[in-house]
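Subject: Structure handover

Hello,

Here is the structure I said I would pass on. My notes on it follow below.

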Amino acid sequence: MPPQPYATKLAGWGRFPVVDGLAVKSEDLPAATAPAALSRGLGRSYGDSSLPADKNDVIVDTTLADRILAFDPDCAVLRAEAGLSLSALNRALLRKGYFTPVSPGTQFVTLGGMVASDVHGKNHHVDGCFGRYVRRLKLRVADGRIVECSDEHEQELFRATIGGMGLTGHILEVEFTMRKIPSPWIFGESERIANLDAMVAALKEAAAEWPMTVGWLDCLARGENLGRGILMKGRWAEADEAPRKPPPAKRRFRVPVPFPNLALCRPNMKAFNLLYYWKHVRRVRRGIEHPASFFYPLDMLDDWNLIYGSRGFTQYQCVLPHAADNGPARRFLELFISGGGMAFLCVIKDCGAEGDGMLSFPRPGISIAMDFPIHPRKTQPFVDRLNELVIAEGGRIYLTKDTFTRAEHFRAMEPRLETFNAVRRKWDPQGRLRSAQSVRLLGDSV
Amino acid sequence: MKVTVLGATRGMGRALARRMAERGDWLFLLEHVPDELECSARDLEIRGAARPVKTAVCDLLKPETFGPALDAAEKELDGLETVVVTAALFGTQEQLEADSDLAARLLVANYTNTVLFCEEVRRRLLRRGGGTLCVFSSVAGDRGRKPVILYGSSKAGLSHYLEGLDHKFRAAGLKTVCVKPGFVKTGMTAGLKPPPFAGQPDDVARRVLRAIDRGTPQIYVPPMWRLVMCVIRKLPRFVMRRINF
Ligand SMILES: Cc1cc2nc3c(=O)[nH]c(=O)nc-3n(C[C@H](O)[C@H](O)[C@H](O)COP(=O)(O)OP(=O)(O)OC[C@H]3O[C@@H](n4cnc5c(N)ncnc54)[C@H](O)[C@@H]3O)c2cc1C
Ligand SMILES: NC(=O)c1ccc[n+]([C@@H]2O[C@H](COP(=O)([O-])OP(=O)(O)OC[C@H]3O[C@@H](n4cnc5c(N)ncnc54)[C@H](OP(=O)(O)O)[C@@H]3O)[C@@H](O)[C@H]2O)c1
């Protein structure tokens with residue numbers, strides 16, 4: 001019996017919006033994807049990227065399709081089903097000296113999601129996005145055929161799928177090159193930074209020396225403190241400086257129920273940001289770190305998205321071009337703060353070269369990401385203003401985080417959109433594949 | 001440990017075989033779809049299985065496949081040691097009431113053929129002085145309940161059989177482990193509304209592996225279900241007629 005779709009409510013990591021749809025969940029992805037409009041993995045995209053456009057659309061939950069199909073330890077090439085999670089991959093191969101070439105800030109993502117969002121990590125300034133390491137994809141396209149695509153075969157489809165938010169087909173299998181690492185431990189260094197100029201300068205300086213960097217910003221600090229924060233740098237520890245034992249499993253905690261909506265009011269956020277900044281008492285700290293606390297500090301707390309209460313939250317992430325005076329990033333932070341924005345998670349990162357993914361997010365510049373709770377009236381106009389600034393500065397936003405951007409704003413930031421749409425029209429002339437996000441941003445019809 | 005698993009391609013069987021592979025057990029897989037067997041075997045090897053994972057076709061709906069499949073396992077592993085059965089069919093009560101072919105297949109697969117398979121295993125294990133037979137039954141077999149009348153009755157028979165085996169043959173070295181899962185989030189239960197104490201396959205696998213190592217005759221997973229079923233078994237009929245659990 002083929003797996004049966006069932007009615008359910010679906011939401012992304014931000015828990016807004018919550019929509020009705022039909023889900024289907026099975027180990028057998030080829031069977032499950034046959035009637036479906038979209039695939040989703042672990043639902044770690046914040047907004048509506050992984051949500052159905054209509055309550056009768058079938059959405060595949062890929063997470064049971066999680067087998068590793070082949071692995072060559074010599075050249076580190078791995079092929080797996082698209083629902084394999086990064087946490088399962090780490091459990092299987094970290095001890096043996098292999099790690100994903102690019103990792104987002106959580107390990108609860110699937111390979112399919114990593115390809116569809118063309119994720120980037122702390123090493124973007126040197127290593128680019130995940131898509132750079134993908135050799136081949138097995139895809140179920142809109143007309144039902146199963147196609148293998150790569151840079152040698154159906155290149156256009158391949159590049160549209162990398163960063164294509166699931167809109168070109170259902171990814172069934174992913175083949176990519178893992179990274180060999182000298183030990184499963186990290187050697188890290190972190191540093192307190194006084195303001196935005198110093199942060200950008202420190203990121204630039206660290207880029208030459210460290211393969212992994214990221215900054216955390218206290219985004220309630222204003223004036224001369226604007227952009228102050230903590231810069232984290234890391235590299236894989238060499239075998240002779242790392243502990244002999246593999247890193248032990250980390251204890252995890254769970255947020256049991258949604259917090260009251262006021263839990264993240266301004267005074268609490270302010271206290272959190274201050275604490276986080278000053279807890280870093282010594283200006284510089286360095287030493288061996290557990291890879292989980294370096295890459296995935298938030299994963300310690302299961303269901304932490306419940307902290308934002310019943311209304312849910314969103315993340316705004318954009319990349320702004322470099323400028324000698326850091327004008328774009330400064331104006332962005334100033335607008336964010338003066339607009340009443342408050343976030344307890346604000347991340348800054350310098351991006352390297354643009355990848356081959358047709359709609360892939362990163363481009364050279366400064367990326368800033370901030371989480372904030374959704375306000376029923378204020379969030380939409382606030383995001384509109386941020387987007388207007390991003391357009392004026394020549395930047396763009398990250399689809400996998402987005403919930404509120406308007407179609408006309410997205411078009412204004414994305415000169416690459418027409419090429420992407422053309423590939424979609426070619427492979428899916430009837431518009432069978434769609435998401436709530438593609439209806440909102442790309443003009444797909446319901 | 002040398003383990004033969006019938007049903008390792010999906011669900012709890014997949015999770016259990018992975019835990020075994022991770023600690024370096026020697027595995028042999030039985031299932032009815034050859035391609036699925038091969039993919040699962042490679043997955044387990046990459047996750048750490050001690051030796052190449054070999055497979056044989058074994059269809060729960062075709063008892064004539066049992067002997068040859070177990071012969072192959074015995075030959076490859078140089079004797080059986082632990083045999084696990086997770087394979088089974090499932091249908092909701094509505095599906096089974098409406099489709100008597102499906103009901104017939106399910107009843108035969110889950111009871112008659114599973115018992116026949118276990119009998120083959122029993123003879124072979126006793127011949128070499130014992131071993132462990134771990135079979136997944138269900139809490140659905142503990143009491144006649146509205147949502148699982150037909151499925152539950154097949155599991156009730158199976159649980160009974162396993163209990164008897166344990167009573168008769170433990171002294172001869174045959175350890176029987178009867179696993180009674182409550183609601184576990186696998187493909188089998190996708191679309192059913194999960195109760196508050198639904199389990200995850202990997203957590204179930206961890207507990208079942210411990211039960212196999214210790215030879216525990218019966219285990220409820222997640223453990224909460226022991227309590228739940230304890231209450232359910234004691235409810236009077238007039239209550240059972242009323243509730244839909
Ligand atoms: C705490 C946290 C930190 C994060 N840090 C980073 C970061 O540092 N860098 C970064 O780049 N991202 C980051 N992200 C975002 C995350 O990496 C992406 O949203 C990723 O795509 C989520 O993967 P998923 O499996 O949960 O996919 P989902 O959220 O389920 O889906 C995301 C998109 O992928 C598509 N998709 C998923 N599976 C398939 C498939 N099999 N076939 C076709 N399409 C598919 C969906 O349709 C959807 O458009 C972070 C998210 C969180 C919650
Ligand atoms: N999930 C629960 O909540 C739950 C609750 C109580 C009891 N149980 C019991 O626990 C066991 C495992 O359940 P699960 O949820 O992990 O099930 P599952 O995911 O559906 O896996 C069942 C396995 O049985 C195999 N199988 C089916 N028909 C077969 C056949 N004719 N011959 C050989 N193999 C066959 C399947 O392979 P194919 O898919 O390739 O056919 C699959 O590998 C079952 O005995 C089930 O009754 C489960």
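**Helix packing in chain A**

Helices α9(A) and α10(A) run roughly antiparallel to each other, because the angle between them is about 170 degrees and angles over 145 count as roughly antiparallel. Please keep in mind that this is a predicted model. Helix α9 of chain A covers residues 327-338, and helix α10 of chain A covers residues 379-393. Their axes are 10 Å apart.

On the α9(A) side, the residues that meet the partner helix are Pro328(A), Arg331(A), Phe332(A), Leu335(A) and Phe336(A). On the α10(A) side they are Phe382(A), Arg385(A), Leu386(A), Leu389(A), Val390(A) and Glu393(A). By class, this contact of α9(A) with α10(A) has 8 nonpolar residues, 3 charged residues and no polar ones.

**Helix packing in chain B**

In chain B, helix α1 (residues 11-22) and helix α7 (residues 201-214) have axes that come within 8 Å and cross at roughly 60 degrees. That angle makes α1(B) oblique to α7(B). The crossing of α1(B) and α7(B) is right-handed.

From α1(B), the contact is made by Gly11(B), Met12(B), Ala15(B), Leu16(B), Arg19(B) and Met20(B). From α7(B), it involves Pro201(B), Asp202(B), Val204(B), Ala205(B), Arg206(B), Val208(B), Leu209(B) and Ile212(B). The residues in the contact of α1(B) with α7(B) comprise 10 nonpolar, 1 polar and 3 charged.

**Ligand 1**

Ligand 1 is surrounded by 35 residues, and the closest are Arg44(A), Ser45(A), Thr110(A), Ser117(A) and Tyr398(A).

- A polar backbone atom of Ser39(A) is 2.7 Å from an oxygen atom of ligand 1.
- For Gly43(A), a polar backbone atom is 2.9 Å from an oxygen atom of ligand 1.
- An oxygen atom of ligand 1 lies 3.0 Å from a backbone N or O atom of Met165(A).

**Ligand 2**

There are 28 residues around ligand 2, of which Thr9(B), Met12(B), His32(B), Tyr151(B) and Thr186(B) come nearest. Met12(B) is also one of the α1(B) residues in the contact with α7(B).

Thr186(B) has an N or O atom in its side chain that is 2.5 Å from an oxygen atom of ligand 2. The side chain of Asp59(B) has an N or O atom 2.8 Å from a nitrogen atom of ligand 2. Gly7(B) contributes a polar backbone atom, 3.4 Å from an oxygen atom of ligand 2.

Regards

How values were computed:
Residues are numbered from 1 along each chain as its sequence is written. Chains are lettered from A and ligands numbered from 1 in the order in which they are written. This is a predicted model: local features need pLDDT of at least 70, side-chain atom pairs count only at pLDDT 80 or more; totals for chains, interfaces and linings use all residues. Side-chain values use heavy atoms; hydrogens and water are left out. Axes are lines fitted to C-alpha atoms, for helices over the stretch in contact, and angles run from 0 to 180 degrees between N-to-C directions. Helices (H or I, at least four residues) and strands (E, at least two) are DSSP runs, numbered from the N terminus. Angles under 35 degrees count as roughly parallel, over 145 as roughly antiparallel, 65 to 115 as roughly perpendicular and the rest as oblique. A crossing is left-handed if the near helix is turned anticlockwise from the far one by less than a right angle, and right-handed if clockwise. Contact means heavy atoms within 4.5 Å. Ala, Val, Leu, Ile, Met, Phe, Trp, Tyr, Cys and Pro count as nonpolar, Asp, Glu, Lys and Arg as charged, and the others, Gly among them, as polar. A residue is near a molecule or strand if one of its heavy atoms lies within 4 Å of it. A polar contact is a pair of N or O atoms within 3.5 Å; within protein, one must be able to donate a hydrogen and the other to accept it, and residues adjacent in sequence count only if both atoms are side-chain atoms.
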